[in-house]
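Work through the exercises below with the model open. Try each task before reading its solution.

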Amino acid sequence: MTRSWLEANGLLDECDECQVGLVTDERMQLHCGPSGHPERPARLLEILAQLELSGLRASCARVVSREAIDEELLTVHSEKHIEKVMKAESAVKKKGKAYALPFGPDTYVNEQTPLCARLSAGCLLSLVDTCMTPSSHVKCGMAIIRPPGHHAAAEKASGFCMFNNVAVAARHLQREHGLERVAIVDWDVHHGNGTNDIFAEDESVLFISLHRYDSQGFFPGTGFLEDAGKSTARGYNVNVPLDKAFGDYDVFHIMRYVISPLLTKFEPEAILVSSGFDAVRGDPLGQCKVSPEGYGWMTRCLYRMAKHFCQSRLFLALEGGYNPDMIAQCTVECMQALIAEAHGLAAPQEADESSLLPPAPSPGPSLPATPCMGPADQPTCEPSGSLLFGGETPSGTPTSTPRMGPRSPGSPPASPSGGPKKGRGPLNKTLRTVRKLTELHTLLPLELPLAPQPDGAGGTSKSTKRNERRRCRKTSEEDAGASSDSSGWAIASGGDLDGEFLFSPAHRHTRQTSHSSLASHDLPDFELPPLLPMPGVKEPEAVTQVTVAIPDLPASAEGGEQSSTSSPSHATPKASPKASPKASSAQPESKQKSKKKSKRK
Ligand SMILES: [Zn+2]
């Protein structure tokens, strides 16, 4: 979707009725640190440039920025912490440099940091307030903000983050707008440890984080699977620890078996997204393989959940993401996903030459080998690892710049050398993790249904899977004209592209015939959840169905379903849906396993 797509739908420069809000403030570029630091103003600049070029900025409702006030920040942070951030100016002056590092070797401040940190939190609050105003036509949107927030704890800045913007917004939704249940989905490649800890004992906020973990070797080293919250809130923190190089199939699997069923059970009244884009391919820190279109797809999934449960209250807030070109593409995908969904428009047509965004004028070094890590005279990493210096060798010498594999410029990111060679489908480790996670959480208050057993545990042969994919492809082709998914948005893997994804709207046939390089065989299609029935429409069995068909999943007793319209066991609503978390003291605590490990940190 591009400027011409917006124009064709009467959305270009017609933001009066647009349901999607966009908030930012260019002053946030003033927060600036050491030369080459990955969390740099160019991130914001590039995103705004691409939104402008694509026409998306003009098509969205512009939300006025503002600074968060102390009273709002105090709902999450201590007075002492706020004061320390506000004193950045004196810290900088004392150092006699343009920046200081009062929060550790990777988290800088400069004289403008207090303003930018307040703006970063305040912009998201402004978006929330706009969308929560009953008379407003704006229902959802994105805050393009920095510094990021999800590593910031109540009393500590960390990992480039000053204030926990999303946490402050969640509290604001509850205190100022009277919501009881708020969900936070964190898809930044790093664990949102700040948010995790802030809500560890709060069952009114469901926090779901999928992140690279590498057996504690990746910053911040937290977010292990058993960390599920404390006390009566156990079950309301959900951590999905993943390995390096996870990609689209992994996040789709998690969307299907973790995020969608959890949100269905939780019934949020608003959904916030810690929208870091550092799991995108080409990110110098994340080293993963999610595509920009993958983020758009996840946005569409969450929008549909938000539309069903909470009047489309879906608020994305920028977190990390350190390849300016790529995070700009991701933002474009997410914003166009919101617009397409909010306006009930057909999915953007397959990108053709005329609709591609112009090449981004990258202000910094371009991908893939962005040499963006800290200067050589930086101190060593903290014991728990450092976002900047990496956590891959936590007890060894500080890692040098996390590097992308050698790759010729312009070529698509290849599978990481030495990495799994699964061309299609989630990594086996992801399958095992998700299964284990569901085994844990099925015993906790939200009773997450079991995900399928990974391959090997149940044993599905390759030929069986291949045949299954063929069967599903045939079915989807037959159903193409009358898809249950009105968006027709599908995601297909090109057989020759080694796991690269192609995201196509309904016209799969067009794509396959017009691109001879794409193998027409072995194309598993991933479809979004079908549009959910609207509240008020009584469909007791279907109302909580949120299914993403993943045809090449290993068949299993728990989850071998192959069709987006099937009724998987996990989607069957419980006879007695859970009570409001506010009343959760009445929830059966006996369901909680007493043997769970205590939380680290
Ligand atoms: Zn991150």
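**Exercise 1.** Find the bridge partner of Val185 in β5.

*Solution.* This is a predicted model. Start at Val185: its bridge partner in β5 is Ile208. Now widen the view to the strands. β4 covers residues 182-186 and β5 covers residues 205-212. The two strands run parallel and are joined by 5 bridges.

**Exercise 2.** Name the helix that packs on the sheet and touches β4, β5 and β6.

*Solution.* Helix α10, residues 248-266, makes these contacts. Its direction makes about 170 degrees with that of β5.

**Exercise 3.** Give the strand order of the open sheet, then its edges.

*Solution.* Trace the 8 strands: β2-β1-β3-β8-β7-β4-β5-β6, with parallel pairing. Next, look for strands that pair on one side only: these are β2 (61-62) and β6 (237-242).

**Exercise 4.** How are α11 and α12 oriented to each other: roughly parallel or roughly antiparallel?

*Solution.* Locate α11 at residues 292-310 and α12 at residues 324-342. Their axes lie 8 Å apart, at an angle of about 30 degrees. Angles under 35 degrees count as roughly parallel. The two helices are therefore roughly parallel. Their crossing is right-handed. Contact residues include Tyr295, Thr299 and Tyr303 of α11, and Met326, Cys330 and Leu338 of α12. By type, the contact of α11 with α12 has 8 nonpolar, 4 polar and 5 charged residues.

How values were computed:
Residues are numbered from 1 along each chain as its sequence is written. This is a predicted model: local features need pLDDT of at least 70, side-chain atom pairs count only at pLDDT 80 or more; totals for chains, interfaces and linings use all residues. Two strands pair if DSSP finds at least two bridges between them. Helices (H or I, at least four residues) and strands (E, at least two) are DSSP runs, numbered from the N terminus. Two residues are in contact if their C-beta atoms, placed from the backbone, lie within 7 Å. Axes are lines fitted to C-alpha atoms, for helices over the stretch in contact, and angles run from 0 to 180 degrees between N-to-C directions. Angles under 35 degrees count as roughly parallel, over 145 as roughly antiparallel, 65 to 115 as roughly perpendicular and the rest as oblique. A crossing is left-handed if the near helix is turned anticlockwise from the far one by less than a right angle, and right-handed if clockwise. Ala, Val, Leu, Ile, Met, Phe, Trp, Tyr, Cys and Pro count as nonpolar, Asp, Glu, Lys and Arg as charged, and the others, Gly among them, as polar.
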